Amino acid sequence: MTLALFLQHLANALSLGSLYALIAIGYTMVYGILRLINFAHGDVFMLGAYLAFYAVATFLLPWWAAFLLAILVTALFGVVLERVAYRPLRDSPRISVMISAIGASFLIENVGIVVFGGRPKGVLVPDVMNVKLGLGGVSVMSVSVVIPVLTFVVLAILLWVVHRTKTGMAMRAVSTDLDAARLQAIDVNRIISFTFGAGSLLAAVGGIMWSYKYPQLNPLMGTMPGLKCFIAAVIGGIGSIQGAVLGGFLLGGIELLTVAFLPTLTGYRDAFAFVLLIVVLLVKPSGLLGGRHVEKV
Amino acid sequence: MLKVEQLSAHYGGIHALQGIALDVPDGSIVSLIGANGAGKSTTLKSIVGLVKPSRGTVTWNGEVLTGLPTKDIVSRGVCLVPEGRHVFPNLTVDENLTLGAYSRSDKPGIAADREKVFGLFPRLKERVSQKAGTLSGGEQQMLAVGRALMTRPRLLMMDEPSLGLAPLIVKMIFDIVKAINAEGVTVLLVEQNAKAALEIADYGYVLETGRITFHGPGKDLLKDDRVRHAYLGEAHA
């Protein structure tokens, strides 16, 4: 393998890892705050991609307007999803909420098949995403550069919100101790809504960028990325934002580099994610950056 | 004035509170004592809305609190320092105090209250940027009280503030409770350390398996034979 080819694979791994990271953050944030695996998160990702598609194809909006509109509507959808499917079960056993999440996932997918149609749709990739960039024999599409850059911008904003604002402080408080947060007059429901909104917004960013990189949509497109990003969040240490990002990049990197170095195993690329999960769970069950909380009595 | 009437609460099939009544007059210290599982914590949690009572009402200065969400009860000046402290371990001391003032927007008032908390607990000032999880048990209790004071309470309820603390720290916490009360904050104290709780109390209630069995001025309860026998570890005279 030439250096140029290796670098090309690396660039691809970087952009795939970024997409995984964007989606994994949503899993980890919701888990951190509600101890809930939001199984419908992959479908929210799908919804974001479709909304941007229709905004361009039907309403003839420019791509950037479609992008903004789609991420905002998807964020709103995430808020409504929590209100309808999870909040009424807040005090129920955790298994009930999980079943509700699985139900929500199937519902969104099947309504998607009815509304969007089961046949794959081709995405009109905006021209700026489709520029071929060459640098010393390495050539990548501009979308593969935009994705990591966008991911880091979004991540920086998110970390700023979580660590530097009062809402972020309340999020961290709610995630460690719900009742103690209530006792500080924190509106816990508002914080949970905000978390779902932010996570869904990131999933929509991921979904739309995904559709620019792999320009084809179908209503079940969220299932596999959703599953893998859940794994990425677990590998990184579920509940930790930095962990989810690390897990996403690890997963994207290992997946594409294995394909690059062991081309005969390309058919097994999805299996690597699960092998990595098993190894990490055996060695460090709390995930790479997962913390332990010591309670003083 | 906090008035609790006919308060009942259930956990599943367990009847934790069976119609209790108590009054906490403005400016007083009232202690609620009783054995493990008597319903002391449930009483406080019902007042602040963390437990939904099955019957009865809680009124605060004539306004019914029962049914309000906890955040609205706390922003009305009724605040609870929970059993086991429950500081946010992954947040700094500073952030814990800031969250105490979460619902307030009067910046100068918040800054003044923060200085007041540091005046009461100089130790917290030394550790202001340390994560609360790294504090000792006593320091965490100071932080829990300080955080509660940041809500600017008019009624401060404390659940077992002495639990698991060294005697010296316990004395300090009780002194602080008295100091807070002297500034006009009403205090409702729940304790297993019955002697200390009754000594500083204007009025005391004894709770047994979900019912109030005795009540009276703190000093009278300290002298009452039945209370001394059951809660103060003294044999019948």
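**Notes on a predicted two-chain model**

1. Let's begin with the overall build of chain B. Computed along the principal axes, the C-alpha atoms of chain B fill a box of roughly 50 × 40 × 35 Å. Buried residues account for 47% of the chain. Among contacts in chain B between residues at least 6 apart in sequence, 65% link residues at least 24 apart.

2. Six of the strands make an open sheet in the order β6-β7-β8-β3-β9-β10, with mixed pairing. Its edges are β6 and β10 (211-217) of chain B; each has a single partner strand, so one side of each has no neighbour in the sheet. Ignoring direction, neighbouring strands here are turned by 15° against each other on average.

3. In chain B, β6 runs parallel to β7 (residues 155-159), and four bridges join the two. Within this pair, B:V78 sits opposite B:L155 of β7(B). Across the sheet lies helix α7 (residues 167-182) of chain B, which covers β3 (29-34), β7 and β8 (186-191) and runs at about 155° to β8(B).

4. Chain B also has a second open sheet, this one of four strands in the order β2-β1-β4-β5, with antiparallel pairing. The edge strands are β2 (14-24) and β5 of chain B, each pairing on one side only. Inside the sheet, β1 (residues 2-11) and β4 of chain B are antiparallel partners over five bridges, and B:E5 stands opposite B:T57 of β4(B). Helix α1 (residues 40-48) of chain B lies across β1, β2 and β4, at about 70° to β2(B).

5. One residue in this part of chain B is worth a look at the backbone level. B:N61 has a phi near 50°, which is positive although the residue is not glycine. For context, most residues other than glycine have a negative phi. You will find B:N61 in the loop between β4 (55-60) and β5 (63-64) of chain B. With 14 other C-beta atoms within 10 Å, B:N61 counts as partly exposed.

6. Now to the partner. Chain A has 11 helices and four strands. A compact globule of 297 residues would have a radius of gyration near 19 Å, and the value for chain A is 19 Å, in agreement. The C-alpha atoms of chain A take up a box of roughly 60 × 50 × 35 Å along the principal axes. Of the 297 residues in chain A, 46% are buried. Among its contacts with a separation of 6 or more, 73% are between residues 24 or more positions apart.

7. Strands β2 (residues 132-135) and β3 (residues 138-141) of chain A pair in the antiparallel sense over four bridges, with A:L133 bridging to A:V140. Together they form a hairpin with two residues between the strands, and A:G136 in the turn has a positive phi of about 50°.

8. A:R35 deserves a glance as well: its phi is near 55°, positive in a residue other than glycine. A:R35 lies in the loop between α1 (3-34) and α2 of chain A. It has 14 C-beta neighbours inside 10 Å and therefore counts as partly exposed.

9. Finally, how many residues does each chain bring to the contact? Chain B gives 26 residues and chain A gives 18 residues. On the side of chain B that touches chain A, α2 (70-75), β6 (78-81), α3 (93-100) and α6 (137-149) of chain B each supply at least two residues. By class, that side of chain B has 11 nonpolar, 13 polar and two charged residues.

Methods: Residues numbered from 1 in each chain as written. Chains lettered and ligands numbered in written order. Predicted model: local features only at pLDDT ≥ 70, side-chain atom pairs only at ≥ 80, totals over all residues. Contact = placed C-beta atoms within 7 Å. Nonpolar A, V, L, I, M, F, W, Y, C, P; charged D, E, K, R; others polar. Pairing = 2+ DSSP bridges. Axes fitted to C-alpha atoms, helices over the stretch in contact; angles between N-to-C directions. Rg over C-alpha atoms; globule rule 2.2 N^0.38 Å. Buried ≥ 20, exposed ≤ 12 C-beta atoms within 10 Å, placed from the backbone.
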